[in-house]
Amino acid sequence: MAVVTFIAGFWAPWVFLLFIVFAALTALGIRDVNQTSHAIVRNYPVLGHIRFLFEKIRPEIRQYLIEGDQEEQPFSREQRSLVYQRAKGAEDKRPFGSHERVYEAGYSWLTHSVEPTHFDDTDFRVMIGGDKCKQPYNASLYNISAMSFGSLSANAISALNKGAKQGGFAHDTGEGGISRYHREGGGDLIYEVGSGYFGCRNDDGTFNPDKFAKQAADDQVKMIEIKLSQGAKPGHGGMLPAAKITPEIAEARDIPMGVDCVSPAGHSAFSGPLELMQFVGQLRELSGGKPVGFKLCIGHRREFMCMVKAMLETGNIPDFIVVDGTEGGTGAAPLEFANHVGMPMIEGLTFVHNTLRGAGIRDQVKIGAAGKVVSAFDIARALSIGADWCNSARGYMFAIGCIQAQACHTNHCPVGVTTQDPVRQAALNVNDKSKRVARFHANTLKALGEMAGAAGLENPCGFLPYHFMTRKADGQMTEAADVYTYLREGFLLDDGDDNPIYRERWNRANAHSFAPPEAVA
């Protein structure tokens, strides 16, 4: 066809356009049969590329043409639509009844009261800060979870932070430090200190107390969060290649240009449970008494108990703990880590809550929960099993336009949320999207108030496990209280024989080391 159109072009010059197309395809075909990397295009030159095209757009094809409303990949269309509607202020009601299979195993529901209550004000809050905290923070029950500038675009960070300012809730910086876009928005910040100590580091990557104190002194910073691990890839470090480091990222992270930026898997500022609690105390002092806590995805349960024993021994009790579930996932992670490492949020939250109760210090530590929390029901369920507030990352990403293209790690995000491409992110209008962030927060808390009212509660923090029912595999229903039981206060400190699973690990836990007892011996 290239030859034919070339000859025909002498009689009809417009045909030369077709010649250019066929000549390009011919050149591609010659390249295909001579390359050795892909067997399919060697056997099927030119046509073989269709496979790669369909593979590239598979998530979009599935999302728009094949996926059912309740198929979670990882968020269902129903969940995404709910966020979009609430962010836009559009109608979020649904006619014709539930689409849930209410008689199948796993279905959960809220028990309601015949005497419901009503809330005129749904700006629900919780005070965070223990006895040693000089600047407690009155936090919303629903805040933006940790997402770093660099992972998210400048426009995305600006929209999230301005939305947080408008709605009066907090924005976790992620471990990438406080960028100029966090500061421009003026919203409340939770400064996350990760293993790379970005924004408060020495040139060799170690922690710098003076730089931290300067960052923490900012009135915009309301709390300090030490990141021990994250749900997407607990126990896994990361590296930002030098080629992807822009001047703005270098400024936020306090790192040099032209050098790979490494986030180690573990911290260098402390070693062992006692030093971790001493670090908590040090950060509280350096920050002028602001609330200091840590975030983790539960792994070895005994190790968390080592931390709790260190809290009791040192008296440096964190003001809060954020429990991240393995279902979390804004950070790109190896498939094995995303699918099979770390404890899901529900089990992790229950374990942390009951361990603190068993040690007699639950009333001194507030607990945040993160992991696919996008609806009022998600928040209510987390509150019922031990959380004091909830964080969401992907929920707020949907609010600023994320379409779940799952191209976050490619720099090709089609809506400008997770890319540093200036052209792509320019499509994300900061003023418009910030309003959507604030509306999503307000409408979700309004829905939470309606659920709490239906249950006859005076405050959503009054949700308890018995307010929820779950259908078991045998078809019978059970109270969530039978599965997620609140264990007795102080039981780990006495000589009783109840809750042997907790006691066995507690007896093996050591405030001086995370190593198992046999290794220490």
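User: How many salt bridges does the count come to in this structure?
Analyst: Happy to start there! This is a predicted model, in which local features need pLDDT of at least 70 and side-chain atom pairs count only at pLDDT 80 or more, while totals for chains, interfaces and linings use all residues. Residues are numbered from 1 along each chain as its sequence is written, and side-chain values use heavy atoms, leaving out hydrogens and water. A salt bridge here is a side-chain nitrogen of Lys or Arg within 4 Å of a carboxyl oxygen of Asp or Glu, and by this rule the count comes to 20.

User: How far apart in sequence are the parts that Asp-254 and Lys-211 tie together?
Analyst: Asp-254 and Lys-211 form a salt bridge, with their closest N and O atoms 2.7 Å apart. Helices (H or I, at least four residues) and strands (E, at least two) are DSSP runs, numbered from the N terminus. Asp-254 lies in the loop between helix H10 (247-253) and strand E9 (261-263), and Lys-211 in helix H9 (residues 209-216), so the pair ties together parts that are separated in sequence by 43 residues.

User: Is Asp-254 buried, partly exposed or exposed, and what is its relative accessibility?
Analyst: Buried means under 20% relative accessible area, exposed over 50%, and partly exposed in between (1.4 Å probe, protein chains only). Asp-254 counts as partly exposed, because its relative accessibility is 31%.

User: What is the phi of Asp-254?
Analyst: Most residues other than glycine have a negative phi. Asp-254 is not a glycine, yet its phi is positive, at about 60°.

User: Which residue forms a salt bridge with Asp-319?
Analyst: Asp-319 is buried, because its relative accessibility is 1%. The side chains meet with an N to O distance of 3.2 Å, and the partner is Arg-284.

User: How are H11 and H12 oriented to each other?
Analyst: Two packed helices are described by the angle between their axes and the distance between the axes. Axes are lines fitted to C-alpha atoms, for helices over the stretch in contact, and angles run from 0 to 180 degrees between N-to-C directions. H11 and H12 pack at an angle of about 60°, with their axes 8 Å apart. Angles under 35 degrees count as roughly parallel, over 145 as roughly antiparallel, 65 to 115 as roughly perpendicular and the rest as oblique, so H11 and H12 are oblique.

User: Which residues are joined into one network with Arg-488?
Analyst: Asp-494 and Arg-488 form a salt bridge, their closest N and O atoms being 2.9 Å apart. Salt bridges that share partners join Arg-488 into one network with Asp-494, Asp-498 and Arg-503.

User: What is the separation of the C-alpha atoms of Ala-452 and Leu-110?
Analyst: Ala-452 is found in helix H18 (residues 430-454). This residue is buried, with a relative accessible area of 0%. Ala-452 and Leu-110 are 342 residues apart along the chain, and their C-alpha atoms are separated by 9.6 Å.

User: Where does Gln-404 lie?
Analyst: Gln-404 is another residue to look at: it has a positive phi of about 60° although it is not a glycine. Gln-404 is buried, with a relative accessible area of 6%. Its place is the loop between helix H16 (394-399) and helix H17 (422-425).
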